[in-house]
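Take a look at how the two chains of this model meet.

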Amino acid sequence: MITSEILRNEYEPVIGLEIHAELNTRSKMFCGCDASHYSALEPNINICPTCVGLPGAMPVLNQKALEMGVMVGIALNCNINEMNVFSRKNYFYPDLPKGYQISQYDHPVASNGWLDVMENKQEIIQRIRIRRAHLEEDTAKLSHERKYALIDFNRSGVPLLEIVTEPDLHTIESTLAFANKIRTILRYLDVNSGNMEEGILRFEANVSIRRRGSSKMNTRTEIKNLNSFRSMSKAINYEIERQEKILSNNSAVAQETLGWDEIREVTVPQRGKEESHDYRYYPEPDIPPVFIDKDMLKKIRNQIPEMPDSREIRFSQDYGLSRTEARILVNEKDKADYFEITVKESSSPINIIYSWLIGEMTSIVNERKTSFKETHLTPERFARLLDLYTSGRINDFTAKEILNMLFETDKNPEDILVEMDLGKISNVNVLSELIDDILEKNSDLAREYLGGKNQLFQWFMGLVSKETKGRSDPSVVKKLLNSALSDFDKE
Amino acid sequence: MDLRKLTIQEAHKLLINKKISSYELTLEYLARIKEIDPIINSYITISEEHALTIAKKADDRIARNLNVTPLTGIPYSLKDCFSTKKIRTTCGSKILEDYLPSYNATVVKILESHGSVLLGKQNMDEFGMGSSCENSAFFNTKNPWYLDRIPGGSSGGSAAGLSAGLSTFAIGEDTGGSIRMPAGFCNLVGLKPTYGLVSRYGHIALVSSFDCVGPMTKDVFDCAIVLEQIAGNDPLDGTSLKNEIPSYTKKLVSPVKGMRLGIPKEYYQLGMDIGVEKSIQEAIDVFREIGMEIVEISLPNTEAALPVYYLILFAEASANLARFDGIRFSGNPEKDFDSVMDMIIQTRNEGFGEEVKRRIMLGAYVLSAGYYDAYYLKAQKVRTLIQGDFNNAFKECDLLLAPINPSTAFKIGEKVDDPLQMYLSDIFVVAANPAGVPALALPCGFYNDLPVGMQLIGNHSSEEILLRAGYAYQQETDWHKRQPSI
């Protein structure tokens, strides 16, 4: 029987990505309307004659969008085209009010770039070539009902940057690593939020397979509607297997556009848009060509912040983190920013800061559906909490308790500590009394422990902790409990 | 008062001297429109209520002397290709027969800020595609000089109406002679400005690279008055020039002695009616008499102008008209369709006229894969040669003199069966638009009792020179003072 393993050994996946990133500008690509369509409270309120395509309306280029395109191009190691020309891409569809989309055809903002990705498992660096990046306007949003469709033009005209890679990806892991890296870079540049759920950042995969060792390319399919990395992984995997089965049966893969069905977890041919359309591109006469001179390039280059790769190296060198640790941190710009400020403010060891940040702090931030950028638990307050912990004034349990409280209030950890009298109870007398009391009330269990049931020690420890609301110093309790139990034995 | 003769200058004097109010003047125009327009059919929509409201406001403004300009309270008309808020805008097409725009074109906004009184929207060849006004989906407009003749196109309604005394001035649009041709056939002054001088925002585009918004008036002075106000940079139009606008009226009365007038020899080789040629020759004599130097120049690529113009027109028009899909405006919302594509196809099939459909198909063809290089790209390349011709010519002269049309106005129906014949008669007017240069149409005589027009063509942003020369010419001649007998 031909298993998927055998097929995977015989065939090599060939994957290219097409990325559509909505640019984080205030206004739309070709008019002054508000571009933040996803936060609009009602459909069709951020519109004007231009983005609704009314007769007589004209486009005017959003300079900021162009600058963002240039910035991304530089970050992706591309050639920046000195002369940018916008073109009309002609086709009919209800979400395209003018009957053409203003895009870029033969003079895109950036071309011939690359990005290095490392698959965590392999530790191999692969250079993925980027064919081009160009600017265009987004279409309106269609919602389909049974007998009709509704069109919301809030999104029509929002600036998009389309990035196309060469089909240099050959595994799902590298594809995800690449997608993740692009997303991170866009967030670092502050040109896109990386939100895939709401379609602010969209990925499409072009997938084909070929015999290993061969350079001959086979027909590829295009998969749309991948709104999470999980979907991307599953969809590409499904598609590869589907194509492997087809080819191993000596059939041919049909060139089609597919959608990923989240529920049934299969790729489905999409109807609607015409295939292999002749878009009849020609230069947009309403937008004169834009020239990007050396001064403008320099100015934009200077606006680029420290990028993930260099940050990863610096974190590793300056903070003594392993490359993997650094990469995990650096992948989330806001978290990395938070980390750096915490390190500056705190006197705790780096590994403590790191593990608390990656561990407890990240869990709570996710639980509370906030972010490292938005949370009012500032890195300064976080730093002070960690210092309380590392100084030994509070234990693990208490630290976590205060951490949660810090999300609810603006108070400092020291003040909370004082207020709630949460200093570690190390007073031997107080603790001894409590322990004696506990042993008395649980005498049969104490005897069981002495009889050999060693795990009960932890249980007693837990009970002391509970009774003291976690404030007891575990090392002191351990000593006292030990001596109390041996005393008990003597009784 | 003879509304056929009334100029902006005269009307303005009457208004500020309180000899008549804008309201009264507007009523007179509306009355004459009711009387005469059923004969010539120049208006598609008459905005009576709107006009009277604006007129009242203008009167108030004049009474209080509040920022009164030469255009305040002056009744005017618009070719129906300009977006007018809440006033029907059809572009001469069935597909827009019920379209009520939600915004005003910039030129409309400007005139409204002056308090000019909009009388209505005028007939045109559908979407500007035509040279005779016979391609309107609604009706033919008749030339007031001879009712069996075409008024010219595509701003035919504006020319016919203005010439018959149904407005004091009109705003038209010239893509390939669409202001100049009707001005020539109806004995009017019409200016195609430099590309980008007047904002196109709100003008329903035909050929985005060629379209120019411009005034149509009874004399050159009026033309200068209007141009001064409507020219200027518009941030809503990305192709709008950023030049400072001179005061055209102040510079009008200046000597023209020593100006070099170029006569393009190729134009005269192409042939024209005897009467037209005679009138042009007489005009040359006048210019010589007033002190201009006559120079023969060459525009070697003249013959290429027609194919260059039409190929680019087809291509750009096909895209500009793609938005008429029946989804957001026009079309029949009550009807049931099998699919969206079905709706789009049916709407366009029923809503567009023959000539429009013809040009859209040609445009799609010219841009299609495999043909783009041979047609569209080639046309754009040859276009640079035409621009080069003008550049070279203007090294040897300050402006050019050319006919507008090889004949006078032809009969209605004479050329409808042969679209190619129609295209060919555009030969003298189509070169200016691909080059972006301005051209001023002026009356220069009569032939068989029909008006003969000529055009002065200048270098980019040379409207000042054209208007000066035109004004000087009109001091020596009175062709422009003649009226049709309607």
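In this predicted model, 14 residue pairs are in polar contact between chain A and chain B, both partners at pLDDT 80 or more. On chain A, strand 4 (87–90) and strand 15 (282–283) each supply at least two residues of the side that touches chain B. That side of chain A divides into 19 nonpolar, five polar and five charged residues.

How many salt bridges are there between chain A and chain B? The count is one. The side chains of B:Arg200 and A:Asp286 form a salt bridge, at 2.8 Å from N to O.

Now the extent of the interface. Contacts link 29 residues of chain A with 36 residues of chain B. Between them, the two chains bury about 2,600 Å². Carbon and sulfur atoms carry 62% of that area.

Is B:Asp125 buried or exposed? B:Asp125 is buried, yet has no salt bridge. The nearest side chain of opposite charge belongs to B:Lys79, 7.3 Å away.

What lies close to the side chain instead? A polar atom of the B:Asp125 side chain is 3.4 Å from the backbone nitrogen of B:Ser132. Setting aside neighbours within four places in sequence, B:Asp125 is in contact with residues including B:Cys91, B:Gly130, B:Ser131, B:Ser132 and B:Cys133. Also among its contacts are B:Glu134, B:Asn135, B:Ser136, B:Gly153 and B:Ser154.

Methods
Residues numbered from 1 in each chain as written. Chains lettered and ligands numbered in written order. Predicted model: local features only at pLDDT ≥ 70, side-chain atom pairs only at ≥ 80, totals over all residues. Heavy atoms only, no water. Buried < 20%, exposed > 50% of the residue type's maximum accessible area, 1.4 Å probe, protein only. Lys, Arg positive; Asp, Glu negative; His and termini not counted. Salt bridge = Lys/Arg side-chain N within 4 Å of Asp/Glu carboxyl O. Polar contact = N/O pair within 3.5 Å; in protein donor to acceptor, adjacent residues only side chain to side chain. Contact = heavy atoms within 4.5 Å. Buried area = accessible area lost by both parts, 1.4 Å probe. Helix = DSSP H or I, 4+ residues; strand = E, 2+ residues; numbered from the N terminus. Nonpolar A, V, L, I, M, F, W, Y, C, P; charged D, E, K, R; others polar.
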